[in-house]
Amino acid sequence: MQQHNEVELSALGMAIATVVTIAEILKNNELAVEKKIMTSTVDMREDAGGRPLQKAKIEILLGKSEKFDESMAAAAAAAAEEVT
């Protein structure tokens, strides 16, 4: 997020919980704000020629928060203090 104002996190199936957790951590640490959440299903196949499956998909669009630079500077200062 330091290089771009937005980031999109996406996941399928069991990985959805991980992506939601990451988004919540970024929001709770005042690094990101939620802009959009999209859910859908994706048709897949188990194996080549296997039976068709539908997997849940989530896409979370996050934007840089107003406090992003301040929060990053505080984190960098805290990390520098740990090293010394």
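Local features of the predicted model rest on pLDDT of at least 70, side-chain atom pairs count only at pLDDT 80 or more, and totals for chains, interfaces and linings use all residues. Residues are numbered from 1 along each chain as its sequence is written, and side-chain values use heavy atoms, with hydrogens and water left out.

The strands form an open sheet of three, in the order 1-3-2, with antiparallel pairing. Strands (E, at least two residues) and helices (H or I, at least four residues) are DSSP runs, numbered from the N terminus, and two strands are taken to pair if DSSP finds at least two bridges between them. Strands of a sheet pair through backbone hydrogen bonds, either parallel or antiparallel. Strand 1 and strand 2 are the edge strands, each with a single partner strand, so one side of each lacks a neighbour in the sheet. On average, neighbouring strands of this sheet are turned by 15° against each other, direction ignored; axes here are lines fitted to C-alpha atoms, for helices over the stretch in contact, and angles run from 0 to 180 degrees between N-to-C directions.

Seven bridges connect strand 1 with strand 3 in the antiparallel sense, and Ala11 stands opposite Ile58 in strand 3. Helix 1 packs on the sheet and touches strand 1, strand 2 and strand 3, its direction making about 10° with that of strand 3. Contact means heavy atoms within 4.5 Å. Strand 2 and strand 3 also run antiparallel, joined by 13 bridges. In this pairing, Ser40 stands opposite Lys57 in strand 3. The two strands, strand 2 and strand 3, form a hairpin with six residues between them, and Gly49 in the turn has a positive phi of about 80°.

An unreviewed UniProt entry carries the annotation "domain: DNA/RNA-binding protein Alba-like" for residues 2-40. UniProt positions are given in the numbering used here, feature names are shortened, and annotations may be inferred rather than shown by experiment. Across residues 2-40 the chain is 33% helix and 41% strand, with 29 Å between the end C-alpha atoms.

Four salt bridges are found in a search of the whole structure. A salt bridge is defined as a side-chain nitrogen of Lys or Arg within 4 Å of a carboxyl oxygen of Asp or Glu. Side chains of opposite charge can pair when their charged atoms come close. One of the salt bridges links Lys35 with Glu6, with the closest N and O atoms 2.6 Å apart. Because Lys35 lies in strand 2 (residues 32-45) and Glu6 in strand 1 (residues 6-12), this pair ties together parts that are 29 residues apart in sequence. Lys35 is partly exposed at a relative accessible area of 49%, and Glu6 is partly exposed at 40%. Buried means under 20% relative accessible area, exposed over 50%, and partly exposed in between (1.4 Å probe, protein chains only).

Glu24 and Lys27 form another salt bridge, at 2.9 Å from N to O. Both Glu24 and Lys27 belong to helix 1 (residues 16-28), where they are three residues apart, about one turn of the helix. Glu24 has a relative accessibility of 33% and counts as partly exposed; Lys27, at 23%, also counts as partly exposed. Glu34 is partly exposed, with a relative accessible area of 41%.

Leu62, in strand 3, is buried at a relative accessible area of 0%. Beyond residues up to four places away in sequence, Leu62 touches a set of residues including Met1, Leu9, Ala23, Leu26, Lys27, Val33 and Lys35. The C-alpha atoms of Leu62 and Ile37 are 8.9 Å apart in space, and the two residues are 25 residues apart in sequence.

Ser65 occupies the loop between strand 3 (52-64) and helix 2 (68-83). Ser65 is buried, with a relative accessible area of 10%. The side chain of Ser65 reaches the backbone nitrogen of Phe68 at 3.1 Å. Apart from its neighbours within four places in sequence, Ser65 has contacts with Glu30, Leu31, Ala32 and Val33.

How values were computed:
Polar contact = N/O pair within 3.5 Å; in protein donor to acceptor, adjacent residues only side chain to side chain.
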